[in-house]
Amino acid sequence: MKLSIVIGQCFGLNPVVGVFNVDASKMRFMFCSARCLYTILSIFGQGSMLFLSIMKFLKDTNASISSNTTLAFYSSNFLTTVLFLHMATKWPRLCLQISMSEASCPNMDTSLIKNCNMTCILILALATVEHFLSDLSGLAAVIDCEPQKNVYEAFVKRSFPWVYEFVPYNHFVGFLSQAFNIQLTFTWSFADLFIICISFYLISRLEQVNKKILNARGKNKSQHFWRTVREDYNRAASLVRRVDEVIGAIIFISFANNLFFICLQLYNTLKDGIRATPLCRAEDIRPLHGYEQATYFMYSFIFLVTRSLAVSLIAARVHSSSRKPAVSLYEISSNVYCVEIQRFLDQVHGDTVALSGLQFFNIKKGLVLSIAGTIVTYELVLLQITGVTPTASPPNADSQIC
């Protein structure tokens with residue numbers, strides 16, 4: 001996970017020192033380090049933008065679900081950044097525990113690093129495209145509706161109107177606004193990426209135990225062998241619980257964030273529809289002829305749903321892998337059955353080995369259906385409350401979320 005950790009530190013996340021050291025005991029978290037200082041400055045800047053969005057929320061008298069999207073986005077991702085800082089205080093000890101587990105039972109999964117790096121590159125590349133489409137949508141609106149103004153100034157003011165309602169514009173503040181916004185946007189995707197990479201490692205640890213059991217099928221193994229395998233499984237299960245203690249809060253805010261924005265974007269799709277943004281002048285010089293907002297909206301929605309599904313399904317494999325030993329253990333012939341196998345079965349069935357969101361929910365395969373049902377329920381409630389029907393003619397496309 002070195003690649004994902006290093007990229008995360010570029011955006012102020014998980015500021016630990018000694019990431020490149022092979023010896024996990026040399027990894028440290030220090031408040032006086034440059035990484036931690038950068039994270040604290042990032043939190044201060046992101047908190048300032050969150051504070052301004054709260055001020056805008058309190059000032060508005062006609063606040064709606066769509067108009068408060070900014071507040072939800074900044075508050076959730078600001079909290080995620082703070083949680084990563086809190087996690088960094090526990091990360092060196094967790095890595096030391098992982099290192100000790102590796103010393104007693106080395107991980108033989110050669111595809112683990114490749115899977116983590118490919119996932120990291122893919123998700124970050126897709127997130128970069130999403131941010132590019134967002135900026136393209138805002139830039140097209142500025143070029144079309146405000147051609148007489150300074151393009152960069154108009155673009156920044158249009159992107160962050162809640163900031164410049166309270167703070168006078170200058171290029172330095174504009175640069176900081178964009179920088180902190182990029183950090184927060186990245187944090188949203190990185191939280192999901194981080195959970196996926198952690199899940200890949202835990203799955204590989206559990207699958208290594210499963211392979212030992214499968215290789216012993218049909219063979220007359222001693223009680224000592226089954227004790228050793230059970231202890232390996234116990235170490236892997238303990239590691240899952242320890243990881244869950246460290247990253248449980250990040251999992252919770254990640255799932256809550258994804259669920260909220262899926263509901264919100266689906267609601268706006270049903271309410272407003274997808275169409276071209278009307279022209280502000282006679283000649284259309286926009287790159288996609290008014291479909292910049294619609295293109296960004298559809299791409300962002302598909303990317304969000306796909307990423308949420310990937311997080312749920314991959315993290316759920318941790319629980320699925322922990323249940324696999326039972327199937328193989330039941331197939332063991334009676335002449336080699338022993339007390340260690342019975343203890344192994346009792347442990348598999350009696351303990352829930354899974355990642356969770358602060359113990360409020362365990363990530364299992366059934367969670368995906370539960371989330372889907374929740375989304376459908378809340379969409380129906382929102383449509384009934386607002387009096388909107390999907391067949392209604394869509395209003396001005398400018399009301400869609402960014």
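The second largest pocket is lined by 16 nonpolar, four polar and three charged residues. Here nonpolar covers Ala, Val, Leu, Ile, Met, Phe, Trp, Tyr, Cys and Pro, charged covers Asp, Glu, Lys and Arg, and polar covers the others, Gly among them. Keep in mind that this is a predicted model, where local features need pLDDT of at least 70 and side-chain atom pairs count only at pLDDT 80 or more, while totals for chains, interfaces and linings use all residues. Residues are numbered from 1 along each chain as its sequence is written, and side-chain values use heavy atoms, with hydrogens and water left out.

**The second largest pocket**

- This pocket holds about 830 Å³ of space; a volume is the space filled by probe spheres set on grid points, which are joined across faces, edges and corners.
- Out of 23 lining residues, M1, K2, I98, E102 and Y201 sit closest to the pocket centre.
- Helix 1, helix 3 (69-104), helix 4 and helix 7 each give two or more residues to the lining of this pocket, and helix 3 has the largest share, with five residues.
- On terms: the search runs on a 1 Å grid over the protein atoms alone, and a pocket is an open set of points with protein on both sides within 12 Å along at least five of seven lines; a cavity is a set where a 1.4 Å probe fits but cannot get out, and lining residues have an atom within 4 Å of a point.
- Helices are DSSP runs (H or I, at least four residues), numbered from the N terminus.

**The cavity**

- There is one cavity of 30 Å³ or more in the structure, and the largest cavity contains about 40 Å³ of space.
- Its lining is made up of C105, R205, Q208, V209, D232 and A236, which split into three nonpolar, one polar and two charged.
- Helix 7 and helix 8 (223-272) each supply at least two of the cavity's lining residues, and helix 7 gives the most, with three.

**Helix packing**

- The axes of helix 2 (residues 34-59) and helix 7 come within 10 Å and cross at roughly 105°, the axes being lines fitted to C-alpha atoms over the stretch in contact, with angles from 0 to 180 degrees between N-to-C directions.
- That makes helix 2 and helix 7 roughly perpendicular (65 to 115 degrees).
- On the helix 2 side, Y38, L41, S42, G45, Q46 and M49 meet S177, F180, N181, Q183 and L184 of helix 7; contact means heavy atoms within 4.5 Å.
- By class, this contact has five nonpolar, six polar and no charged residues.
- Helix 5 (residues 151-159) has A154, F155 and V156 as its buried residues, and these pack against helix 4 (112-145), helix 6 (161-164) and helix 7 (171-215).

**Individual residues**

- Q9, in helix 1 (residues 2-10), is buried, with a relative accessible area of 12%; buried means under 20%, exposed over 50% and partly exposed in between, using a 1.4 Å probe and protein chains only.
- Leaving out residues up to four places away in sequence, Q9 touches N14, P15, V16, V19, R35 and Y38.
- N14 lies in the loop between helix 1 and helix 2, is buried at 2% relative accessibility, and has a positive phi near 55° despite not being glycine.
- L358 also has a positive phi near 55°, but this residue is partly exposed at 43%, in the loop between helix 10 (339-350) and helix 11 (366-386).
- V305, in helix 9 (residues 292-330), is partly exposed at 27% relative accessibility; V305 and F261 are 44 residues apart in sequence and 9.5 Å apart in space, C-alpha to C-alpha.

Key
Angles under 35 degrees count as roughly parallel, over 145 as roughly antiparallel, 65 to 115 as roughly perpendicular and the rest as oblique.
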